[in-house]
Amino acid sequence: GFILRLFDWQIVNGADYAKTVVETSKYKVETSAVRGEILDRNGYPLVTNRQGNAVIFDASNKFPSASKQEERNRIILSLINLFEKSDEEWIDNLPLEVDSNGNVTFEKDREEDIAQMKSRDKLNLNSYATAENCLDALIDRYGLENYSKQDACKIASVCYEMLLKSFSESNPYTFADDVSDKLVSVIKENSASLPGVDVEITTYREYTDGTIAPHIIGMTGVISAEEYEKNKDTININSSFAR
């Protein structure tokens, strides 16, 4: 029986088994392309690269779906508390502020962002809606009624930014950039209670002197879905030249 089975494995179906072994031993890892350093004519670095940590939400790796908003809120607030305890920053672009007395105001010089937040495809509010109206809409949208105004605003900031950045299974969301190794260790220690929260080693550009040839050197960063839609023709044209 053993000899017949060995004959089947090696001779009759040998090619199929070999193919299966090869396929199961392969895996794909996506990494960000590293841009080249820029030097002046004397070899002095104008732009260099360094590695750092980014904390991301990965929907393809157990980060709760939108149908589990309550679990999302818990994870987000837990992370925010860890960051604030370590005195480190997370991405907070919401144009709202809540003071210690619970008063809600718009951030100064954020008119364009405020108008976008009120727009039909975001919160669908009237143009004259107050900051309080906007926070109330966010609280209702993301189920934040049981949180303090301060915590609700922080959680809503992340949820709203995830919306702007089109967070999905194929598009992870960056919660924080350039996170210290010490805080990364704390996050990893708490990974069991932070499903779908990953740490990604990424490359950051260092500009030794931002005043030198900014029109040539330029800067890079993540753009919103609206910015992409507005400029996608130009982006596609530039991409074709880059290839």
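Let's start with the aromatic cluster: Phe57, Phe63, Phe83, Trp90, Phe167, Tyr173 and Phe175 form one such group. Please keep in mind that what we have on screen is a predicted model.

How do we describe two rings together? A pair of aromatic rings is described by the distance of the centres and the angle of the planes. With rings counted as a pair if their centres lie within 6.5 Å, the count here comes to six aromatic pairs.

Take Phe57 and Phe175 as an example. Their ring centres are 5.5 Å apart and their planes sit at 25 degrees; planes under 30 degrees apart count as stacked, so this pair is stacked. Now find those two residues along the chain. Phe57 belongs to strand β2, residues 45-57, while Phe175 belongs to strand β5, residues 173-179, so the pair ties together parts that are 118 residues apart in sequence.

Phe57 has 0% relative accessibility, so Phe57 counts as buried. Phe175 also has a relative accessible area of 0%, and is therefore buried.

Phe175 has another partner, Trp90. The centres of the Trp90 and Phe175 rings are 6.0 Å apart, and the planes are at 10 degrees, so this pair is stacked as well. Trp90 is in the loop between α3 (69-85) and β3 (96-98), and Phe175 is in strand β5, so here the pair ties together parts that are 85 residues apart in sequence. Trp90 counts as buried because its relative accessibility is 12%.

With a relative accessible area of 1%, Asn73 is buried. What does Asn73 touch, if we skip residues up to four places away in sequence? The answer is Tyr142, Gly143, Leu144, Tyr147, Ile155 and Cys159.

Now for a pair of helices. Helix α5 covers residues 131-141 and helix α6 covers residues 149-164; their axes come within 9 Å and cross at roughly 75 degrees. Angles of 65 to 115 degrees count as roughly perpendicular, so that is the word for α5 and α6. Which residues meet there? From α5 we have Glu132, Leu135, Leu138, Ile139 and Arg141, and from α6 we have Lys149, Ala152, Cys153, Ala156, Tyr160 and Leu163. Sorted by class, this contact has eight nonpolar residues, three charged residues and no polar ones.

Pro64 sits in the loop between β2 and α3. Its relative accessibility is 6%, so Pro64 counts as buried. Leaving out neighbours within four places in sequence, Pro64 is in contact with Glu71, Arg72, Ile75 and Pro195.

Let's finish with the whole protein. How many helices and strands does the protein have? There are nine helices and six strands. The protein has 243 residues, and 31% of them count as buried. Among contacts with a separation of 6 or more, residues 24 or more positions apart account for 65%. Finally, the accessible surface comes to about 16,400 Å², and 50% of that belongs to carbon and sulfur atoms.

Technical notes: Residues are numbered from 1 along each chain as its sequence is written. This is a predicted model: local features need pLDDT of at least 70, side-chain atom pairs count only at pLDDT 80 or more; totals for chains, interfaces and linings use all residues. Side-chain values use heavy atoms; hydrogens and water are left out. Rings of Phe, Tyr and Trp (its six-membered ring) pair if their centres lie within 6.5 Å; planes under 30 degrees apart count as stacked, over 60 as edge-to-face and the rest as tilted. Helices (H or I, at least four residues) and strands (E, at least two) are DSSP runs, numbered from the N terminus. Buried means under 20% relative accessible area, exposed over 50%, partly exposed in between (1.4 Å probe, protein chains only). Contact means heavy atoms within 4.5 Å. Accessible areas come from the Shrake-Rupley method with a 1.4 Å probe; for residues, only the protein chains shown count as cover. Axes are lines fitted to C-alpha atoms, for helices over the stretch in contact, and angles run from 0 to 180 degrees between N-to-C directions. Angles under 35 degrees count as roughly parallel, over 145 as roughly antiparallel, 65 to 115 as roughly perpendicular and the rest as oblique. Ala, Val, Leu, Ile, Met, Phe, Trp, Tyr, Cys and Pro count as nonpolar, Asp, Glu, Lys and Arg as charged, and the others, Gly among them, as polar.
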